[in-house]
Amino acid sequence: MGDYTKLNDDMAHSILQLYGIENYVSLKPLSLGISNSNYRVQTQDHVYLLKVSNDKSYEDLHNEQILLGKLKELNYPLSLQCYKTLKGELVYQYKNLYGVLFPFIKGIPPGPSDQTCREIGYALGLLHDKTKNVSKGDIRNYSDIGHDASSIAKFTEEPSCPKDFKDAFDLMLANKIDQYLKANKSYSIIHGDLYYDNTLFQEEKVAAMLDFEQAGHGEVILDLGISISGSCIEKGQINPDLVKSYLEGYEKAYTLNNEEKLFINEAILLGLFSIALWRIKRFKEGDLNARLENSYQDLIAKAHNYFELINKE
């Protein structure tokens with residue numbers, strides 16, 4: 001994963017010139033990303049993160065930058081801001097390629113631990129708190145680019161839905177989904193894909209939250225569930241102790257309402273199904289990477305394991 005575009009030096013240099021950046025030195029592909037190819041670009045004076053889209057449309061990328069601009073306006077400290085081209089564009093276009101140029105932030109992707117989970121929980125809670133007054137219509141809706149409870153349930157009734165996905169949903173969530181949908185839920189800007197590898201840490205603190213490609217106006221509780229499902233992992237499975245640590249950090253910045261607190265486990269399961277459906281659409285039904293067409297099954301297996309754990313408790 002990471003380098004789908006196979007960018008070369010001449011291409012990278014030409015893209016940088018769209019920003020008026022000269023003194024190009026080197027290009028290094030990064031093993032990050034599914035919807036983008038990512039590169040560390042070095043000039044004589046600076047280091048940049050260059051993204052080339054391999055899945056998102058130009059409009060998707062542009063709307064993502066509008067959302068990041070909104071976060072800056074609201075003083076959210078952990079998101080990046082892209083550079084503008086010489087023409088004032090947020091998204092560059094070079095021949096058949098388009099993407100975004102960011103400053104390169106030093107840091108390391110963390111490993112799962114109680115401290116990591118507390119810090120990521122706090123970072124997400126702060127995002128929800130800072131953006132809780134953002135109105136629907138100010139930015140794009142999460143449901144336009146991601147998969148919420150309603151769209152997941154609808155997908156299980158479609159002929160294209162894999163049998164193992166539908167059977168797992170029916171077992172774990174079918175009898176709770178109506179209650180979940182009717183519950184009083186809070187809304188904010190949500191990240192939509194905050195796994196621990198979408199963060200960079202410096203001195204055991206979150207320095208930056210990355211990849212807002214799935215971000216939009218959506219349900220706080222679903223965002224929490226998605227993040228827990230991909231951050232509180234130990235030995236390939238969700239660890240309830242790490243979940244507790246995550247929630248400790250989250251609740252220092254944001255407080256769920258009483259109804260939301262009743263649906264945390266369902267939200268974690270929905271988080272797994274949401275990302276599983278994303279993989280089905282990109283890999284099984286789409287052509288982004290045929291080798292990963294059944295990668296959704298790993299998330300379904302995690303859901304089965306977590307479902308067994310919470311039922312034992």
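Biologist: What makes the contact of Glu-73 with Lys-70 a salt bridge?

Modeller: The closest N and O atoms of Glu-73 and Lys-70 are 3.4 Å apart. A salt bridge is a side-chain nitrogen of Lys or Arg within 4 Å of a carboxyl oxygen of Asp or Glu, so the pair qualifies. The model is a predicted one, in which local features need pLDDT of at least 70 and side-chain atom pairs count only at pLDDT 80 or more, while totals for chains, interfaces and linings use all residues. Residues are numbered from 1 along each chain as its sequence is written, and side-chain values use heavy atoms, with hydrogens and water left out.

Biologist: Why are Glu-73 and Lys-70 separated by about one helical turn?

Modeller: Because they are three residues apart in helix α2, residues 58-73. Helices are DSSP runs of H or I with at least four residues, numbered from the N terminus.

Biologist: Why is Lys-70 called buried, and what is Glu-73 called?

Modeller: Buried means under 20% relative accessible area, exposed over 50%, and partly exposed in between (1.4 Å probe, protein chains only). Lys-70 has 18% and is therefore buried; Glu-73 has 54% and is therefore exposed.

Biologist: Which residues are linked with Glu-157 in a network of salt bridges?

Modeller: Lys-166 and Asp-170 are linked with Glu-157 in that network. For Glu-157 and Lys-166, the closest N and O atoms are 3.5 Å apart. Glu-157 is exposed because its relative accessible area is 59%, whereas Lys-166 has 26% and is therefore partly exposed. By the salt-bridge rule, the count comes to 11.

Biologist: How many aromatic pairs does a search of the whole structure find?

Modeller: The search finds nine aromatic pairs. Among them is Trp-278 with Phe-283, at 5.9 Å centre to centre and 85° between the planes.

Biologist: Why is the pair of Trp-278 and Phe-283 called edge-to-face?

Modeller: Rings of Phe, Tyr and Trp (its six-membered ring) pair if their centres lie within 6.5 Å; planes under 30 degrees apart count as stacked, over 60 as edge-to-face and the rest as tilted. The values of 5.9 Å and 85° therefore make Trp-278 and Phe-283 an edge-to-face pair. Both Trp-278 and Phe-283 are buried.

Technical notes:
Helix = DSSP H or I, 4+ residues; strand = E, 2+ residues; numbered from the N terminus.
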